Amino acid sequence: MKRLIALFLSVCTLTMLAACSSQGAEISANSKLQSSNILVAYFSCTGTTRQIAQWISGETGADLYEIIAETPYTAEDRNYNNSSSRANREQADASARPAISGNVENIEQYDVIFLGYPIWHGQAPRIISTFLESYDFSNKTIIPFCTSHSSGLGSSAANLHAICSDSVTWMDGQRFSGSASANDVSAWVDSLTLPEAEENKLENNPALSEAEENRGNIVREFNFETKTVQLNSGYEMPIMGLGTYSLTDAECAVSIAALLEAGGRLIDTAYMYHNEAAVGQAIRDSAIPREEIFVITKLYPNQFDHAAEAIDDALARMGLDYIDMILLHHPGDGDVEAYLALEQAVADGKVHSIGLSNWYIKELGEFLPQVNITPALVQNEIHPYYQENDVIPYIQSLGIVVQGWYPLGGRGHTSELLNDETITAIAATHGVSSAQVILRWNMQKGVVVIPGSSNPDHIRENLDLFGFELTDEEMAQMNALDRNEKHDWY
Ligand code: NAP
């Protein structure tokens, strides 16, 4: 099943990449491929169902949609022991339809919907009925899953069937306990078989042989219109931003203000840069809503043995309610335990997404089986002289987004790269700077860029990457510059 899903996602990926590579062109007109897609829709109050949903999404590459109540459920609302609590009243009333905030865009593109919920009084919360009544699921397949302490799926799914049209295929569902692991979810997903028609659709697909070559390549495509990528955690992240390594507090204030004013929304910092507080201050000082900004920080190996405390310290230093992403800065003693602390921080709502930095193929192969949440991102050294052409596709094939550090070669090396004959020639053709060519080349390879700068003019230039596109030939010329020349030791 996983292979099958990977295959048709690869097909979609190829289609999308082809569309991206000719910017402005329509996304593929092959509606058959576009409709072959999966959604994980879930309702979660305490985070347990969200975690399972994220794992399913990580396994399948499916899009995630959280069903959010227009009026959120407080702990008292969910108080099982209070017979007049909101949840108890709703569950006792078959006609209750709690309102949902937001909606699924383009529901028609999904063929298969994993539908997740906690069990309330042996049944799905009534908000699931609201969800099912809100869309036309005709001819789609729904695969329910629930989370509960003791109850099974029971009749909860069967009781939902009547809400949908007869043409919906309901597959057997699965219950997960609060202690379920990513491996449990993986085993379940592996055991599923999609309906025959779906398989035939794939097998008859002429793009399949091409997709076969890229099997497992569940690349998280960049959206060049929204300038974002959806992470396997379900969150959207901008594909270009600002790195703050070596920036002083005063420089951070100026650079981040310039970034935000020019429309940039992604900022990379680290405990080791000693400027987390200044970064947090600049975010708080800005008029941009917090949720529009995506901030990454990192735990250094000397924090691994007290990672939970270090996460809380980072939150306090930055003065933020949550951090969008925390990475482990380098492999090191206690990295697995530190990562498990990051996983706990995700469950606690302190951190939205987690990832790694300076992890390569061998390190990932050893590390991933020991953790539960697939990293959303790996940040490694990547520039035209050190391209990691073997590492990037490997990481991307795991559904993990790649982000490059030292995109311009790093301080002390930038002039060599910015004056490289090949790069300056390509830049002249497009009437842009060498820096813009390098950054655009990264993005066309599916690599997120975070150039460092204390110069507002450079920051504006580094965000201006969408008015031109490198041709296949220019991409090949850039790829030919690789010298396997690392500019730092890690
Ligand atoms: P970089 O982005 O490759 O280069 C920064 C240098 O490029 C600065 O000297 C900057 O000078 C110059 N520059 C920026 N934009 C320019 C432009 N448009 N034209 C000409 N020069 C330009 O190196 P970096 O900042 O060290 O790396 C990027 C980010 O990656 C870091 O800031 C950090 O967030 C992250 N990083 C992570 C790791 C890790 O281990 N995870 C390691 C290193 C870095 P001005 O200030 O004058 O613009």
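A residue counts as exposed when its relative accessible area is over 50%, as buried when the figure is under 20%, and as partly exposed in between. The legends below use these words for a predicted model.

**View 1. Two residues at the end of the chain.**
Asn 484 sits in the segment after helix H20. Its relative accessibility is 60%, so Asn 484 counts as exposed. The phi angle of Asn 484 is near 55 degrees, a positive value in a residue other than glycine. Most residues other than glycine have a negative phi. Now look at Ala 476, which belongs to helix H20 (residues 472–479). Ala 476 has 42% relative accessibility, so this residue counts as partly exposed. Ala 476 and Trp 441 are 35 residues apart along the chain, and 9.9 Å separates their C-alpha atoms.

Find Glu 388 in the loop between strand E17 (377–381) and helix H15 (391–397). Is Glu 388 buried or exposed? Its relative accessible area is 5%, which is under the 20% limit, so Glu 388 is buried. Its phi is near 55 degrees, a positive value in a residue other than glycine.

**View 2. The whole chain.**
Step back for a moment. The chain has 20 helices and 19 strands. Of its 490 residues, 56% count as buried. The accessible surface comes to about 20,300 Å². Carbon and sulfur atoms hold 47% of that surface. Take the contacts in the chain with a separation of 6 or more: residues 24 or more positions apart account for 76% of them.

Strand E5 covers residues 112–118. How many of its seven residues are buried? Seven of the seven are, and the strand is mostly covered. Val 112, Phe 114, Gly 116 and Pro 118 point one way from E5. Ile 113, Leu 115 and Tyr 117 point the other way. Strands of a sheet pair through backbone hydrogen bonds, either parallel or antiparallel. Strand E1 (residues 38–42) runs parallel to E5, and five bridges join the two. Ala 41 stands opposite Leu 115 in E5. E5 also pairs with strand E6 (residues 141–147), in the parallel sense and over seven bridges. Here Pro 118 stands opposite Thr 147 in E6.

**View 3. Strand E15, enclosed.**
Strand E15 spans residues 323–328. Six of its six residues are buried, so E15 is largely enclosed by the rest of the structure. Strand E14 (residues 294–299) pairs with E15 in the parallel sense, over four bridges. Look for Thr 297, which stands opposite Ile 326 in E15.

**View 4. Helix H11 and its cover.**
Helix H11 runs over residues 276–285. Which residues of H11 are buried? They are Glu 276, Ala 278, Val 279, Gly 280, Ala 282 and Ile 283. Several elements cover these buried residues, including helix H10 (249–261) and strand E13 (266–268). E14 and helix H12 (307–318) are also among the covering elements.

Three strands form an open sheet in the order E9-E10-E11. The pairing is antiparallel. Which strands lie at the edges? They are E9 (222–223) and E11 (236–238), and each pairs on one side only. E9 joins strand E10 (residues 228–230) over two bridges. Asn 223 has Thr 228, in E10, as its bridge partner.

**View 5. The largest cavity.**
Rolling a probe the size of a water molecule over the atoms shows where empty space is left. A search of the whole structure finds three cavities of 30 Å³ or more. The largest cavity holds about 130 Å³ of space. Its lining has 13 residues. Gln 54, Asn 232, Ser 233, Ile 373 and Thr 374 are the ones that lie nearest its centre. Which elements give two or more residues to the lining? They are helix H3 (48–60) and strand E16 (351–357). By class, the lining has six nonpolar and seven polar residues, and no charged ones.

Key: Residues numbered from 1 in each chain as written. Predicted model: local features only at pLDDT ≥ 70, side-chain atom pairs only at ≥ 80, totals over all residues. Heavy atoms only, no water. Buried < 20%, exposed > 50% of the residue type's maximum accessible area, 1.4 Å probe, protein only. Contact = heavy atoms within 4.5 Å. Areas by Shrake-Rupley, 256 points an atom, 1.4 Å probe, with all protein chains shown as cover. 1 Å grid on protein atoms, 1.4 Å probe; cavity = no way out; pocket = protein on both sides within 12 Å on 5 of 7 lines; lining within 4 Å. Points joined across faces, edges and corners; volume = space filled by probe spheres on them. Nonpolar A, V, L, I, M, F, W, Y, C, P; charged D, E, K, R; others polar. Pairing = 2+ DSSP bridges.
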